Amino acid sequence: MSDHIRLHIPGPVEVSAGTYEAMAAPMIGHRSKDFVALHNDVHPRLQKMMGTTQPVFLSTSSAWGVMEGTIRNLVAKKALCCCSGAFSDKWVDVARRCGKDAEALQYEWGTPINPADIDTKLATGEFDVVTFIHNETSTGVLNPLEEVAAVVNKYDDVLLVTDTVSSFSVIPIEFDQLGVDVLLTGSQKALALPPGLGIFAVSEAAFDRAATIKDRGYYFDFHEFKKNQEKSMTPSTPCISTIYGLRHQLDVIFEEGLENRYARHEKLNNLVAEWVVANGFEFFAPEGFRSKSLTAVKNNKGIDVAKLGQIMREDHKKQVDGGYGKIKGKTFRLSNMGNETEESIAGLLAALDDSLAKL
Ligand SMILES: *Cc1c(COP(=O)(O)O)cnc(C)c1O
């Protein structure tokens with residue numbers, strides 16, 4: 001473990017030795033009392049973190065499974081997909097591949113979503129679902145969830161789907177209070193678990209919509225999840241080891257305290273931001289819309305980002321991200337998600353200083 005390459009990419013992130021240890025617990029039957037106890041241990045804590053009294057579901061899939069399932073469960077008329085980066089752009093494609101009508105509300109990568117544009121689109125009456133990414137991991141932009149939710153909530157027949165894959169447990173998110181209809185996240189980002197588990201909550205309005213939709217399929221059918229959740233179970237055999245890991249991480253999270261966790265992320269994110277400014281770099285995201293879980297650094301100095309990554313790996317055994325898709329090399333990304341500490345971030349920044357000097 002000590003000699004491995006430490007991940008500072010925005011997912012998957014470092015998994016603690018304690019989590020790996022917890023995951024090595026003996027297997028149990030997924031219809032057993034032991035599983036019910038495991039489920040009932042994690043479930044109320046997930047509800048608390050999501051700010052909801054609705055059921056929270058455990059899906060054995062990556063986040064995209066839940067994202068695709070959401071489209072299948074909810075879209076009858078047409079989805080409006082808010083697009084401003086790699087993950088949000090892909091929603092339109094995914095919706096169409098599911099045979100649904102979908103339209104992109106397209107922004108330049110790095111531009112935050114403007115709620116007023118959503119309002120204009122929804123006023124046409126064409127749409128029944130809005131897909132929205134809270135924290136666009138590819139660009140480091142934190143979109144205005146509260147304002148977007150307020151706009152979508154003006155339209156009774158439009159459901160708001162929110163991807164919080166890289167913001168859940170980093171900043172407070174209140175599902176019930178915001179009036180979100182589906183909130184989803186994945187295990188390998190801010191929760192610092194291995195990949196493989198999707199976690200999501202569904203509103204009553206979304207259950208009602210799903211009930212009217214014929215081709216929901218089976219694996220991601222919201223009503224299958226609901227029926228099973230009422231018995232503290234999942235529709236099919238879940239990734240029990242990852243759920244052991246989740247239980248451990250929830251112990252860690254609640255021991256630290258949610259408020260302290262949010263404050264720690266803010267503080268670590270600020271340390272990275274100070275480094276960016278001190279080294280003459282700029283941010284890819286505009287001021288006021290910067291992610292708290294990662295930093296997308298704009299390569300305004302024209303450094304060799306691939307080389308930087310190589311030196312970081314070879315000399316410091318740390319992996320940073322060299323930019324996503326079409327902004328590869330024009331940006332690089334530094335994550336402060338999960339279990340990072342002031343010490344680990346100081347180590348990252350010192351390694352970056354050394355690597356920059358060697359370019
Ligand atoms: C990583 C990520 C996804 C995709 O998650 P998978 O686990 O690869 O399916 C979706 N949305 C956001 C915002 C992400 O950061």
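1. How many residues does helix α4 have, and how far does α4 reach from its first C-alpha to its last? Helix α4 (residues 86-97) has twelve residues and reaches 17 Å, close to the 16 Å expected at 1.5 Å a residue. Here the expected span is 1.5 Å times one less than the number of residues, while helices (H or I, at least four residues) and strands (E, at least two) are DSSP runs numbered from the N terminus. The buried residues of α4 are A86, F87, S88, W91, V92, V94 and A95; buried means under 20% relative accessible area, exposed over 50%, and partly exposed in between, with a 1.4 Å probe and protein chains only. Just after α4, G99 takes a positive phi of about 80°.

2. A word on the ground rules. This is a predicted model, in which local features need pLDDT of at least 70 and side-chain atom pairs count only at pLDDT 80 or more, whereas totals for chains, interfaces and linings use all residues. Residues are numbered from 1 along each chain as its sequence is written, and side-chain values use heavy atoms, with hydrogens and water left out.

3. Just after α2 comes G51, with a positive phi of about 65°.

4. Now to the ligand. Around it sit S62, A63, W64, M67, F87, I133, N135, T137, D163, V165, Q188 and K189, where a residue is taken as near if one of its heavy atoms lies within 4 Å. This shell divides into six nonpolar, four polar and two charged residues. The classes are simple: Ala, Val, Leu, Ile, Met, Phe, Trp, Tyr, Cys and Pro count as nonpolar, Asp, Glu, Lys and Arg as charged, and the others, Gly among them, as polar. Helix α3 (residues 63-74) gives the most to the shell, with three residues.

5. Which atoms approach the oxygen atoms of the ligand? A polar side-chain atom of S62 lies 2.5 Å from a ligand oxygen. From the backbone, a polar atom of A63 is 3.2 Å from an oxygen atom of the ligand, and an N or O atom of W64 lies 2.9 Å from one. Taken alone the ligand exposes 380 Å², and the protein buries 90% of that; the areas come from the Shrake-Rupley method with a 1.4 Å probe, and for residues only the protein chains shown count as cover.

6. On charge pairing, the structure holds 21 salt bridges, each a side-chain nitrogen of Lys or Arg within 4 Å of a carboxyl oxygen of Asp or Glu. One of them joins D221 and R216 at 2.7 Å, N to O, and both D221 and R216 are buried. Another joins R264 and E256 at 2.6 Å, N to O. In that pair, R264 is buried at 16% relative accessible area, whereas E256 counts as partly exposed at 24%.

7. The salt bridge between E266 and K292 has its closest N and O atoms 3.3 Å apart. E266 lies in helix α11 (residues 258-278) and K292 in the loop between β11 (282-283) and β12 (294-298), so the pair ties together parts that are 26 residues apart in sequence. Both partners are partly exposed, E266 with a relative accessible area of 36% and K292 with 24%. Elsewhere, salt bridges that share partners join K78, E103, K121 and E126 into one network.

8. T19, in helix α1 (residues 17-23), has a relative accessible area of 0% and is buried. The side chains of T19 and S16 are joined by a polar contact of 3.0 Å. I303 belongs to the loop between β12 and α12 (305-316) and is buried at 17%; the C-alpha atoms of I303 and L356, 53 residues apart along the chain, are separated by 8.5 Å.

Technical notes: Polar contact = N/O pair within 3.5 Å; in protein donor to acceptor, adjacent residues only side chain to side chain.
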